[in-house]
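Have a look at the chain below, then read on for the overall build, the core and the charged pairs.

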Amino acid sequence: SSGINAEWPLRPGERLQWDTEKRDLELLSEQKTGEIAGLKTECQTLVEMSHAPVAPVADSNLDVKMVAALNNEFADRLMESRKKSEEMLTNHIKKLSNDNSEILKELDVMHSAMSDLHKRYDRAREVINQIKKKKDRLRLCVDTTA
């Protein structure tokens with residue numbers, strides 16, 4: 001929970017704006033979560049592919065040592081490619097997770113700022129109402145003395 005206080009007053013237009021922004025952030029979070037899941041699946045597929053056996057070449061003209069060397073070279077390249085892909089996917093997953101965390105932090109900061117703004121607005125409104133009441137009382141005093 002982001003600590004949003006449902007008690008602070010929002011006017012209808014502001015409530016709609018905040019609900020829209022909240023929905024947008026939730027959709028972005030779901031999208032990033034889906035991307036992370038897709039990348040994890042892709043990474044798992046690459047890992048499974050790297051462990052697949054390499055089929056031997058059935059050509060009597062090729063030397064057995066040459067075939068073994070080719071298989072080893074292919075396996076080495078596949079392992080390097082798999083490691084690079086895993087590192088890239090892991091970094092991308094971390095970046096998406098960090099982006100998601102930053103978005104949630106920004107939402108909390110925005111909520112806090114809006115809450116403070118509303119408190120100041122309400123205080124200012126109270127002061128203005130008090131000034132108006134004093135002004136009306138002064139008018140009554142002036143009218144009664146005149």
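How many salt bridges does the structure hold? The count comes to 3, where a salt bridge means a side-chain nitrogen of Lys or Arg within 4 Å of a carboxyl oxygen of Asp or Glu.

## Before you dig in

This is a predicted model, so local features need pLDDT of at least 70 and side-chain atom pairs count only at pLDDT 80 or more, while totals for chains, interfaces and linings use all residues. Residues are numbered from 1 along each chain as its sequence is written, and side-chain values use heavy atoms, with hydrogens and water left out.

## Overall build

The protein chain has 2 helices and 0 strands; these are DSSP runs numbered from the N terminus, with helices being H or I of at least four residues and strands E of at least two. Of the 146 residues, 16% are buried (under 20% relative accessible area; exposed is over 50% and partly exposed is in between, with a 1.4 Å probe and protein chains only).

Now for contacts, meaning heavy atoms within 4.5 Å. Among those in the protein chain with a separation of 6 or more, 87% link residues 24 or more positions apart. The chain exposes about 11600 Å², with 58% supplied by carbon and sulfur atoms; that area comes from the Shrake-Rupley method with a 1.4 Å probe.

## The core

The largest nonpolar core has 6 residues: Ile36, Leu39, Cys43, Leu89, Ile93 and Leu96. Helix 1 (12-50) and helix 2 (64-145) each give two or more residues to this core. A nonpolar core here is a set of buried Ala, Val, Leu, Ile, Met, Phe, Trp, Tyr and Cys residues joined through side-chain atoms within 4.5 Å.

Take Cys43: leaving aside neighbours within four places in sequence, Cys43 touches Glu86 and Leu89.

## The charged pairs

Glu86 turns up again in a salt bridge with Arg82, with the closest N and O atoms 2.7 Å apart. The two sit 4 residues apart in helix 2, so about one helical turn separates them. Arg82 is buried, at 13% relative accessible area.

Lys95 pairs with Asp99 at 3.2 Å between the closest N and O atoms, again 4 residues apart in helix 2 and about one helical turn. Lys95 is partly exposed at 48% relative accessibility, and Asp99 is partly exposed at 22%. Arg125 and Asp122 also form a salt bridge, at 3.0 Å from N to O, and lie 3 residues apart in helix 2. Here Arg125 is partly exposed at 39%, whereas Asp122 is buried at 16%.
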